[in-house]
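Biologist: I'm new to this one. Can you put it up and walk me through it?
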Amino acid sequence: MSVARVTEISATSKKSFDDAVENGVARASKTLRGVTGAWVKEQKVSVEDGKITSYQVNMMVTFVLDD
């Protein structure tokens, strides 16, 4: 039987929401073993002078706990 945990993280990118998700999952995988999935909870953009300057996602990352 496996037991998993879910943790919320925030990640940003200057390119796109997709890139922010990839950055977040890659970073979480450096610290957390057994990452099995993630779902995006919120998306946000920062705007300056009418232009998007960064993309941010808040997401829930699921990882399986070690036995």
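Modeller: A term to begin with: helices (H or I, at least four residues) and strands (E, at least two) are DSSP runs, numbered from the N terminus. By that count the chain has 1 helix and 3 strands.
Biologist: In which pattern do they come along the sequence?
Modeller: The pattern is β-α-β-β. The radius of gyration, taken over C-alpha atoms, is set against a globule rule of 2.2 Å times the number of residues to the power 0.38. The chain comes out at 14 Å, well over the 11 Å the rule gives for 67 residues, so it is more spread out than a compact globule.
Biologist: What is this model, and how are residues numbered?
Modeller: It is a predicted model, where local features need pLDDT of at least 70, side-chain atom pairs count only at pLDDT 80 or more, and totals for chains, interfaces and linings use all residues. Residues are numbered from 1 along each chain as its sequence is written, and side-chain values use heavy atoms, with hydrogens and water left out.
Biologist: What box do the C-alpha atoms fill?
Modeller: Roughly 50 × 20 × 15 Å, taken along the principal axes.
Biologist: What share of the residues is buried?
Modeller: Buried means under 20% relative accessible area, exposed over 50%, partly exposed in between (1.4 Å probe, protein chains only). Of the 67 residues, 21% count as buried.
Biologist: Switching to charges. How many salt bridges are there?
Modeller: The structure holds 2. A salt bridge here is a side-chain nitrogen of Lys or Arg within 4 Å of a carboxyl oxygen of Asp or Glu.
Biologist: Which residue pairs with Lys41?
Modeller: Glu8 does, with the closest N and O atoms 3.4 Å apart. This pair links distant parts of the chain: Lys41 sits in strand 2 (residues 35-48) and Glu8 in strand 1 (residues 4-13), 33 residues apart.
Biologist: How accessible are Lys41 and Glu8?
Modeller: Lys41 is partly exposed at 43% relative accessibility. Glu8 is partly exposed too, at 41%.
Biologist: And which residue does Asp66 bridge to?
Modeller: Arg33, with the closest N and O atoms 2.4 Å apart. Asp66 lies in the segment after strand 3 (51-64) and Arg33 in the loop between helix 1 (17-31) and strand 2, so the pair ties together parts 33 residues apart in sequence.
Biologist: Is Arg33 buried or exposed?
Modeller: Arg33 is exposed, with a relative accessible area of 59%.
Biologist: Why can such pairs form at all?
Modeller: Side chains of opposite charge can pair when their charged atoms come close.
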